[in-house]
Every structure is written in structure tokens, then in C-alpha cells.
Amino acid sequence: MTTTMTPEVVVGVRSHLDVEKIRRDFPALHQKVYGKPLVYLDNAATSQKPQAVIDAITRFFTIENSNIHRGVHYLSEQATRAYEEARVKVKEFINAREAREVIFCRSTTEGVNLVAQSFARRLVKPGDEILITAMEHHSNIVPWQILCEQTGAVLRVAPINDAGELLLPEFEKLLNPKTRLVSVAHISNALGTINPVEQIIETAHRRKIPVVIDGAQAAPHLKIDVQQLDCDFYLFSGHKMFGPTGIGVAYGKAHLLEAMPPYQGGGDMILSVTLEKTTYNVIPHKFEAGTPNIAGTIGLGATIDYLAGIGMENIAAYEQELLEYGTEKLSSIPGLRLIGTAKKKASILSFVMDGIHPHDIGTILDREGIAVRTGHHCAQPVMQRFGVPATVRASLAFYNTKEEIDALVAGLLEAGKVFG
Ligand code: 7TS
């Protein structure tokens with residue numbers, strides 16, 4: 001079956017990105033694999049890093065390396081300053097009200113677990129409900145299942161349609177006096193769907209239900225404004241937005257974070273400790289036990305500087321152009337079916353081809369130097385919803401080009417010939 005649907009262009013303006021110039025900032029893009037130029041289309045798994053970020057991390061370990069918040073010596077002061085400057089950069093990047101609402105953690109995954117254990121666990125009683133959607137990544141399913149096992153709460157799931165869009169009326173029907181919390185992805189990693197998070201948040205807030213947004217796939221593609229969204233928590237990972245691995249952000253409204261118990265105990269999260277009693281530090285430090293990922297945090301700050309220099313609106317506009325182009329080209333391939341055809345989509349192209357297993361397609365593309373992800377994308381319930389064991393996923397970033405999409409199409413036509 002051939003799908004002819006073209007996603008609506010979310011940003012109507014044409015982009016003005018100098019993609020060739022941008023590509024020069026990313027050293028990993030300029031290598032050959034199996035003698036072919038690398039075509040990196042696995043950005044939803046993790047993205048490549050600009051030289052400015054690599055340099056910031058190298059500079060930290062070369063010159064500033066020291067622990068933070070504890071030394072009076074020069075290097076420790078320099079490292080502390082750089083670490084806390086990164087927090088201010090994140091605050092500005094997501095337009096949080098205050099820098100202390102930015103908690104540095106390991107990743108989106110750790111952020112969801114933090115919110116589940118530190119915020120939600122105290123809220124729920126047996127029979128209470130947590131509401132998610134049918135398009136969540138395992139990171140936004142399993143921590144809630146663990147919470148339900150611990151507390152006797154029940155996980156409810158709002159359904160999606162065949163295009164991979166959330167059914168808002170069904171979602172609203174599932175909100176009831178037992179609903180204690182809603183947690184949804186801003187953008188689905190397996191389908192590309194951009195969820196109407198403003199509406200979701202408003203609908204839940206009318207019933208005084210707090211909302212957690214999994215922003216792992218949104219932070220690299222969209223301008224995030226947590227004040228405008230009015231979400232209670234917003235979670236994302238540095239490594240998917242061209243920054244380092246091992247560093248993530250858990251944004252939370254200050255009054256909620258202040259009322260929450262610590263997630264982990266250890267150094268730096270305390271004001272005073274006796275063997276009888278410990279007094280916890282103020283936010284954000286209460287949630288940053290132990291020596292954090294200092295280099296990663298400083299690298300994330302450099303990432304935000306880099307992205308700000310390009311402009312998230314420009315990135316979004318260019319990626320919509322790529323998405324439109326890619327959707328049209330892929331739709332013309334005989335036997336190819338796109339999984340995820342929402343009207344509002346980010347630059348993720350998930351698909352299956354008649355008679356060819358996704359892993360075989362991935363292997364053939366790999367030999368052409370084209371990196372895609374094949375499998376369930378840590379979203380097995382999405383695969384079950386669409387009745388496929390796996391998909392091939394090409395996920396595009398602002399350094400990708402139409403020529404790279406042409407290379408993907410050529411690789412897929414080749415796979416069709418080999419297996420067809
Ligand atoms: N939420 C979403 C929507 C994601 O796409 C991912 C990772 C996560 C949470 C977890 O992020 P982490 O940084 O904590 O691992 N998604 C993917 C992916 O699509 N392919 O590899 C990882």
C-alpha cells in the first residue's frame with residue numbers, strides 16, 4: 001500500500017538555514033562508512049554534536065576540572081560558576097520563571113522516575129489513576145507501572161487514531177475524580193506526532209490535575225516555553241538536542257519542587273546532617289545528590305548557546321521542509337506504508353515495506369552508509385497498536401539535507417529490488 005498523505009506544515013514560513021555551513025560545525029557528519037559518505041538519520045535515538053560543544057567539554061577537563069559547590073579554591077569556583085551559568089541558559093531556553101526550577105539529572109528517563117517517585121508517589125492511593133497515552137516511549141510507561149505496583153494505583157491509557165493522533169475527546173472522558181496525574185509525550189518518537197499539549201494541559205488543569213510532559217523529542221525541534229504551556233513538569237535529555245549524553249533536565253514549578261521530598265540522598269543535597277536528623281538543601285540542590293555530571297552540564301550550556309545562534313524557529317521551519325519532502329518521496333515508493341501520518345508532525349519518518357523485514361532494510365541501508373533505527377523504538381505498545389512488529393525510522397535533524405533523503409530513497413528502492 002502506498003500512503004499519499006502529506007503532513008500539514010506546522011510552520012508556514014520558508015527557512016533560511018545555511019545547511020552547508022551548519023554541517024561544517026558537526027565533525028562526525030564528515031566521515032565515510034563502508035567507503036560511503038555517512039548519512040545520519042538516527043537523530044531521535046541520539047544526535048551528533050557540534051564542535052562548540054565538544055570544545056566546551058574538552059576545555060572543562062583541560063583547564064577548569066574541579067568539583068562544584070564545595071571548594072573555596074579558584075578552579076572549584078570557576079567550575080561552579082560555569083555549572084550554574086548552564087542552569088540559567090536552560091532556564092532561558094525553556095523560558096522557566098526561575099533558574100531554581102531547573103533540576104539537572106541524567107536524562108528524560110531519570111526525570112520521569114524522579115517525578116513518579118518524589119512527586120506522584122505521595123499523591124496516589126489505591127484505586128487512583130495515572131493517565132498516559134497509547135504513543136508513549138517505555139520511559140513514560142514503566143516508571144508509572146512501578147508506581148502503580150507500589151501504591152495500588154491504576155494506569156489508564158488514552159487511545160490514538162490510525163494517523164497516530166491522540167483522540168482528545170477520549171482523553172477528556174478518561175479524566176475523572178480519581179485521576180491524580182497526566183503524563184504525555186510532547187512528540188512521539190515512534191510516530192512523530194506533535195501532541196496538542198497546550199489543550200491537554202488546559203483540560204487537565206480545569207480539573208486540577210497536574211501534567212508532566214516528556215519533552216525528549218521536542219527539545220531538539222521546537223521552541224519550548226514552559227510558562228506558556230503551564231505544564232507542571234517538563235523533562236528532556238541533552239544528547240537528543242546535540243548536547244552530551246548523561247545530562248538531562250527535569251523542570252518543575254518551584255512550589256511543587258519545594259514540597260517534594262528528595263529523590264536521592266547524598267552529598268550536596270543537604271543543609272546539615274547529624275546522625276539523628278538531616279535538613280535538606282533548597283531547590284534545585286535538594287534534587288542533585290552527589291557529584292553531578294559537571295562536564296555534561298557545561299556541554300549542555302554550550303549546546304543551548306549554539307542552538308540559540310541558529311534559532312529554534314528556523315530549525316523547526318527547515319525541518320518541516322525536510323519532512324514534507326521526505327514524506328512525498330517515501331510515499332512514492334511501491335509497497336511502503338508510513339506509520340504515523342498526523343497532521344502535526346515532527347521530522348520523523350517511520351515506515352514498513354511489504355514483504356521486507358525492517359531489520360533487513362536497516363542492514364541494506366547501513367551498507368550504503370545510511371544510519372536509521374529499526375525495531376520497536378522502545379515504544380512496543382505503538383507497534384501493537386499498528387499491528388507491526390517493528391518499523392524503519394528515519395529521524396531528521398536540521399543538518400540533514402534533501403540529498404540525504406534522496407540517498408535514503410535510492411537505498412529503499414534497492415532493498416525493494418533485492419527482496420521484492
Ligand atoms: N521519551 C521519548 C519520547 C523518547 O524518544 C526517549 C528516547 C525517551 C523518553 C528516553 O530518553 P533517554 O534520553 O532518557 O533515553 N528515545 C529513543 C529513541 O527513539 N531511540 O532511542 C532512544
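How far from a nitrogen atom of the ligand does a polar side-chain atom of H137 lie? Please describe the rest of the ligand's surroundings too, and then the nonpolar cores of the protein.

Analyst: This is a predicted model. In it, a polar side-chain atom of H137 lies 3.3 Å from a nitrogen atom of the ligand. For S237, an N or O atom of the side chain is 2.7 Å from a ligand oxygen. For S107, the corresponding distance from side chain to ligand oxygen is 3.4 Å. The protein buries 89% of the 490 Å² that the ligand exposes when taken alone. In total, 17 residues surround the ligand. S237 is among the closest of them, together with T109, D214, R373 and R393.

Now the nonpolar cores. The largest one has 100 residues. Those with the most contacts inside this core are V182, Y234, L330, F398 and L412. Helix α10, which spans residues 294-310, supplies the largest share, 8 residues. The core also draws on both domains: at least three of its residues come from domain 1 (4-49 + 312-418), and at least three from domain 2 (54-309).

Leaving aside residues up to four places away in sequence, L412 touches L330, I333, L336, F351, M353, I361 and L365. L330 is itself on the list of residues with the most contacts in the core.

Conventions: Residues are numbered from 1 along each chain as its sequence is written. This is a predicted model: local features need pLDDT of at least 70, side-chain atom pairs count only at pLDDT 80 or more; totals for chains, interfaces and linings use all residues. Side-chain values use heavy atoms; hydrogens and water are left out. A nonpolar core is a set of buried Ala, Val, Leu, Ile, Met, Phe, Trp, Tyr and Cys residues joined through side-chain atoms within 4.5 Å. Buried means under 20% relative accessible area, exposed over 50%, partly exposed in between (1.4 Å probe, protein chains only). Helices (H or I, at least four residues) and strands (E, at least two) are DSSP runs, numbered from the N terminus. Domain bounds come from an automatic or database domain assignment. Contact means heavy atoms within 4.5 Å. A residue is near a molecule or strand if one of its heavy atoms lies within 4 Å of it. A polar contact is a pair of N or O atoms within 3.5 Å; within protein, one must be able to donate a hydrogen and the other to accept it, and residues adjacent in sequence count only if both atoms are side-chain atoms. Accessible areas come from the Shrake-Rupley method with a 1.4 Å probe; for residues, only the protein chains shown count as cover.
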